[in-house]
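Here's a quick look at charged side chains that pair up. Have the sequence and the 3D view open as you read.

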Amino acid sequence: QSFSSSGSSAAEGGKAATQALRRAVCAQQVIADLGHPVLLGGGPAAVQHAAALMSRYAAAQLLYAGLDERERGPADELPVLAAGALMAAAGGASSDAEAGVYMLQALLLLLSCVKGRPYSAGIRLGLSALYTLMGCPTPAYLQCDALDMKNIQMDTLCGHHLLPALLGFAPSVALQLRTLLWQTLNLYNDHAKDAGETLHKAYQGGTYSKVLEFVAFRERLDAAHTRAVARAEKCMSDIREASQQGTEQTLASLSSACKALPLAELPRLASSSSSSNGSS
């Protein structure tokens, strides 16, 4: 009985400590989002703030015992906040060399943490952003690829984090860029194929409110900025590849691009824009 009571009290103590830690981490996130004075000032104070956050993360490892690496840990956000503090120090550095040191420290910090938390989206995306800033698009791609993002995540995450990074270094990551463009466009194409069946089932089931949601979601996908960028860049990639095969293939690729892109809308948009400017 004494063993069972001591075990239950220890479990309750661990649960209370986890809850307290989660609240503290959430508070740190809110403070960072609102603009922590230390982060705004940068410099040594920001570095000390990063060290304090990592000290708390190290102390929290006792609460990670037995936790599956796919589960969200109680302090997974602390390394990301610490890396952000180091980037704030880089922003306030007096020279590019000093800023580079802070950026490397942020990179090494996240790399040391991703070994134990390989499925942490915050850490992986942070690494992808840092690799992009350092001009390393292939490691940036690999960090996002490790998250195995699918479906709508190709728009909400890859479209904002990875696609701009690969486009900025297109010649050196041509294969990865083509793969990402293909995966992104498949999201929209597959949804367009299944949209009719989804609406039909909603009507049959009498869930008419869902019909409005499905229609609104389809309209948002059709007007998505990521879709427009991926479609245009896919055409540009095809044209570049065709240009190496001769004039005939290049002209065929240009013709296909003109059919794939809504170029017919450009004169109407231009005229409406000019008329609105004239009226104003």
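Which residues are linked in a network of salt bridges? They are Arg 178, Lys 234, Asp 238 and Glu 241. A salt bridge here is a side-chain nitrogen of Lys or Arg within 4 Å of a carboxyl oxygen of Asp or Glu.

A word on the ground rules: this is a predicted model, where local features need pLDDT of at least 70 and side-chain atom pairs count only at pLDDT 80 or more, while totals for chains, interfaces and linings use all residues. Residues are numbered from 1 along each chain as its sequence is written, and side-chain values use heavy atoms, with hydrogens and water left out.

Searching the whole structure turns up eight salt bridges. Among them are these:

| Pair | N to O distance |
|---|---|
| Arg 117 and Asp 76 | 3.2 Å |
| Arg 178 and Asp 238 | 3.3 Å |
| Arg 178 and Glu 241 | 3.2 Å |

Helices are DSSP runs of H or I with at least four residues, numbered from the N terminus. Glu 241 is also in helix H12, so its pairing with Arg 178 ties together parts that are 63 residues apart in sequence.

How open are these side chains? Arg 178 is partly exposed at 30% relative accessibility, Asp 238 is partly exposed at 25%, and so is Glu 241 at 38%. By contrast, Arg 117 and Asp 76 are both buried. Buried means under 20% relative accessible area, exposed over 50%, and partly exposed in between (1.4 Å probe, protein chains only).

Terms used
Helices (H or I, at least four residues) and strands (E, at least two) are DSSP runs, numbered from the N terminus.
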